[in-house]
Amino acid sequence: MLAGGCHCGAIRYELEGEAIVHALCHCTDCRRHAGAPMVGWTMYPQAAVKVTKGTPKVYASSEHGRRHFCADCGTGLFYINEQILPGIIDVQSATCDDPDAVPPQAHIQVAERIKWMERAHELPAFERFPPQS
Ligand SMILES: [Zn+2]
Ligand SMILES: [Zn+2]
């Protein structure tokens, strides 16, 4: 049983069973809503996801797309689109208490990816911060 929640703790959820897929989405909608270069999504049947604390606010980000987030701290949590993916809920994977539990399997919507994201893994990396000069 995996659990997760928003940054402030007002909203908590539990995930039951296996994720259908975990994908890193590069679409413009996810990017603008999250304010981040990409967003990880683990897909589950709607019955597998239980909100155990609080009530997410729902934002209509497109005609049928519904983004659920914490109205107190702003963390994005769920995406539902009954038109394209009936019975399915996407969970923002980085909100999971153990985000390593389900590794991602694919990058999706790379047609809309920020150009520099394609080679972001080649950038210099530091355990914390670059040394001060
Ligand atoms: Zn919150
Ligand atoms: Zn997206």
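**Pockets, a cavity and a zinc ion**

Tutor: This is a predicted model. The largest pocket has a lining of 17 residues. Nearest its centre are Tyr 79, Leu 85, Asp 90, Ile 108 and Gln 109.

Student: How much space lies in the largest pocket?

Tutor: About 350 Å³.

Student: And which elements each supply at least two residues of its lining?

Tutor: Four are listed: β3 (21-25), α1 (28-34), β4 (39-45) and β8 (76-81).

Student: Which of them gives the most?

Tutor: β3 does, with three residues.

Student: How do the lining residues of the largest pocket divide by class?

Tutor: There are 11 nonpolar residues, three polar and three charged.

Student: OK, next one. What volume does the second largest pocket have?

Tutor: About 260 Å³. Its lining is made of 14 residues. Met 38, Val 39, Gly 40, Ser 93 and Ala 94 are the closest to its centre.

Student: Which elements give two or more residues there?

Tutor: β3 and β4.

Student: Switching to cavities. How many are there of 30 Å³ or more?

Tutor: One. The volume of the largest cavity is about 60 Å³.

Student: Which residues line the largest cavity?

Tutor: Here they are: Leu 2, Leu 15, His 22, Thr 42, Tyr 44, Ser 93, Cys 96, Asp 98, Pro 99 and Val 102. By class, six are nonpolar, three are polar and one is charged.

Student: Now the metal. What are the protein donors of the zinc ion (ligand 2)?

Tutor: Cys 25, Cys 27 and Cys 30, each through its SG atom. These donors lie 2.2 to 2.3 Å from the zinc ion.

Student: How are the donor residues spaced in sequence?

Tutor: The spacing is C-x1-C-x2-C.

Student: Is Cys 27 buried or exposed?

Tutor: Buried. Its relative accessibility is 8%, and the cut-off for buried is under 20%.

Student: What about Cys 30, buried or exposed?

Tutor: Cys 30 has a relative accessible area of 5%, so Cys 30 is buried.

Methods:
Residues are numbered from 1 along each chain as its sequence is written. Chains are lettered from A and ligands numbered from 1 in the order in which they are written. This is a predicted model: local features need pLDDT of at least 70, side-chain atom pairs count only at pLDDT 80 or more; totals for chains, interfaces and linings use all residues. Side-chain values use heavy atoms; hydrogens and water are left out. Donors are N, O and S atoms within 2.8 Å of the metal (3.2 Å for Na, K and Ca); water is not among the atoms, so sites may look incomplete. Buried means under 20% relative accessible area, exposed over 50%, partly exposed in between (1.4 Å probe, protein chains only). On a 1 Å grid over the protein atoms alone, a cavity is a set of points where a 1.4 Å probe fits but cannot get out, and a pocket is an open set with protein on both sides within 12 Å along at least five of seven lines; lining residues have an atom within 4 Å of a point. Grid points are joined across faces, edges and corners, and a volume is the space filled by probe spheres set on the points. Ala, Val, Leu, Ile, Met, Phe, Trp, Tyr, Cys and Pro count as nonpolar, Asp, Glu, Lys and Arg as charged, and the others, Gly among them, as polar.
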